[in-house]
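Here is a short report on one protein model and its ligands. Keep the structure open while you read.

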Amino acid sequence: MSIYNKTTIIAVATSKLPAGVGIIRLSGPKAIEVTESLAPSFKNEKNRFMHYCELVHDGEVLDKVMVVKFKAPHSFTGEDVVEIHCHGSTAVLNKVTDVLLSFEDVAPADRGEFSKRAFMNGKMDLTEAEGLCDLITAETDQQRKQALKQLDGALGSQFENWRQEVMHLLAHVEASLDFPDEELEIMEQANLKGKVEALIAQFDKAISQKAGQRLREGFSIAIIGKPNAGKSTLTNLLTGKDTAIVSDIAGTTRDVVQSHLDIAGFPVVLQDTAGIRQTDDVIEAEGVKRSYKSAELADLLLLVVDSSEINNIDEDLLKQLQPGKSIILSSKSDLVDAKIPASLNYQDNEYKIIDVNLTDDSSLDKVFPELETMLKALFKDAEDGAFLTRKRHTNAVIEAKAHLENAMKLYNNPVVAFSLADLLAQDLRDCAAKIGEITGKTDVEDLLDLVFSTFCIGK
Ligand SMILES: Nc1nc2c(ncn2[C@@H]2O[C@H](COP(=O)(O)OP(=O)(O)O)[C@@H](O)[C@H]2O)c(=O)[nH]1
Ligand SMILES: [Mg+2]
């Protein structure tokens, strides 16, 4: 039985009004009864079948609607759920909502309250609920894929497997408590050390993979280079609009200009930066500092080199590139012979160098495929294992790992005065609890508001 067995919640589940259809959702013990009082013919209708009828209140027709009921427990929340498909105007939805709210024990839903009830009723774990939230807010195709995978439980089952493994080790350790003289031997037989080390390695790998979170929040691509190299021209080409001011006056771009792009389904935060050079101008110097910071934090660097004017700043910037994360664009190829200057043939061509005339749109045909290849390569790491999509996940895995490392320290240097098994058991228990927190398998009351408050109303 649901712990929310008293209040029935309602919300408009569709947004951006007016729309063709606006759906009002109800969940709770009175969902069906309240709807039936406005549409008596709904009473005889079958579960999960759409029914066309009029909603009538105090002799007034409120709207002509389609209604469907989902009886508990076979519904999204696990409670009785009704969806009323109204005409999608503000007036209709306000009127129907007001009438529904006038019934006793019916209240407006909080953010994410439908999903929270689904979680409380065991319909989904916390990572699946987060996957659902991501799916609703997904803007690019790759985001959609990742969210759907998480909603399907791929991430949750990875955490649950880890938790089960730790619980299994814990069972061994606790079993050895009955044989104080042979503790270590029993644990050696169970290969405790090897298994804990293997888990630590898996945790490490998951923590270091940033792709899952990047896919939610956007991969950052920083465009760097000297003043006048063509960085802002490139930004405008990539965004397809006048995002940044282009001018032949060096030092025009003074701060980092961000824009959001979808490249082959990957969300990208593009950063046009101030040109890098020695300067006495305090504001420009701050801009240069920010350019370096952007470059340091970026997932991908696009170094724009003015091929008609290469100097030592270009050489310095080249040295800061990282293989697998950088592309060199040799701009103004229309002004010089379209061949890559010898001085750019750096480190045995570790970097892709593309000759471009940035004043010509067709340059994009050369740039986009390279960006796509690099983004795919960055994301590929995440495809063969668990990919953490939120800081919340990463932080919990970091803490879980610390408990395992503590266990290993104890195992390698047992404290003579205490039972090794006793101490190890506590660390393993703490580790399992931390992992359980991610999916909601452990007591997570405090966490729930935090997780569900990021949801939209009606989900
Ligand atoms: N001919 C030619 N001019 C370019 C090219 N790229 C940029 N420019 C010009 O170079 C000047 C500086 O460009 P801008 O994008 O503002 O450089 P930034 O300082 O690196 O942002 C502008 O007048 C651009 O039109 C190119 O590939 N070919
Ligand atoms: Mg600029």
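Over the face of which residue does Lys69 lie? The residue is Phe42, and Lys69 is 4.5 Å from the ring centre.

## Basis of the model

This is a predicted model: local features need pLDDT of at least 70, side-chain atom pairs count only at pLDDT 80 or more, and totals for chains, interfaces and linings use all residues. Residues are numbered from 1 along each chain as its sequence is written, chains are lettered from A and ligands numbered from 1 in the order in which they are written, and side-chain values use heavy atoms, with hydrogens and water left out.

## Charges over rings

A charge counts as over a ring if NZ of Lys or CZ of Arg is within 6 Å of the ring centre and within 35 degrees of the ring normal. Lys69 over Phe42 is one case. Arg25 is another: Arg25 lies over the face of Phe114, 5.3 Å from the ring centre.

## Ligand 1

Ligand 1 has 18 residues around it (a heavy atom within 4 Å). Asn228, Lys231, Thr233, Asp334 and Leu358 come nearest.

Polar contacts are pairs of N or O atoms within 3.5 Å; within protein, one must be able to donate a hydrogen and the other to accept it, and residues adjacent in sequence count only if both atoms are side-chain atoms. Asn228 uses a polar backbone atom, 2.7 Å from an oxygen atom of ligand 1. Thr233 brings a polar side-chain atom to 2.5 Å from an oxygen atom of the ligand. For Asp334, a polar side-chain atom lies 2.8 Å from a nitrogen atom of ligand 1. The protein covers 85% of the 580 Å² of accessible area that ligand 1 has on its own (Shrake-Rupley method, 1.4 Å probe; for residues, only the protein chains shown count as cover).

## The magnesium ion

Ligand 2 is a magnesium ion, with Ser232 (OG) and Thr253 (OG1) as its protein donors at 2.1 to 2.2 Å. Donors are N, O and S atoms within 2.8 Å of the metal (3.2 Å for Na, K and Ca); water is not among the atoms, so sites may look incomplete. Ser232 lies in helix α10 (residues 231-239) and Thr253 in the loop between α10 and β8 (257-263), so the pair ties together parts 21 residues apart in sequence. Helices (H or I, at least four residues) and strands (E, at least two) are DSSP runs, numbered from the N terminus.

Ser232 and Thr253 are buried. Buried means under 20% relative accessible area, exposed over 50%, and partly exposed in between (1.4 Å probe, protein chains only). Asp248 also lies in the loop between α10 and β8. Asp248 is exposed, at 68% relative accessible area.

## Aromatic pairs

Rings of Phe, Tyr and Trp (its six-membered ring) pair if their centres lie within 6.5 Å; planes under 30 degrees apart count as stacked, over 60 as edge-to-face and the rest as tilted. The count comes to three aromatic pairs. Phe219 and Phe266 form an edge-to-face pair, 5.8 Å centre to centre with 85° between the planes. Phe219 lies in strand β7 (residues 219-225) and Phe266 in strand β9 (residues 266-272), so the pair ties together parts 47 residues apart in sequence. Both residues, Phe219 and Phe266, are buried. Phe159, Trp162 and Phe203 form one aromatic cluster.

## Backbone exceptions

Most residues other than glycine have a negative phi, and most peptide bonds are trans. Lys16 has a positive phi of about 50°. Lys16 lies in the loop between β1 and β2. The peptide bond from Leu17 to Pro18 is cis, with omega near -5°.
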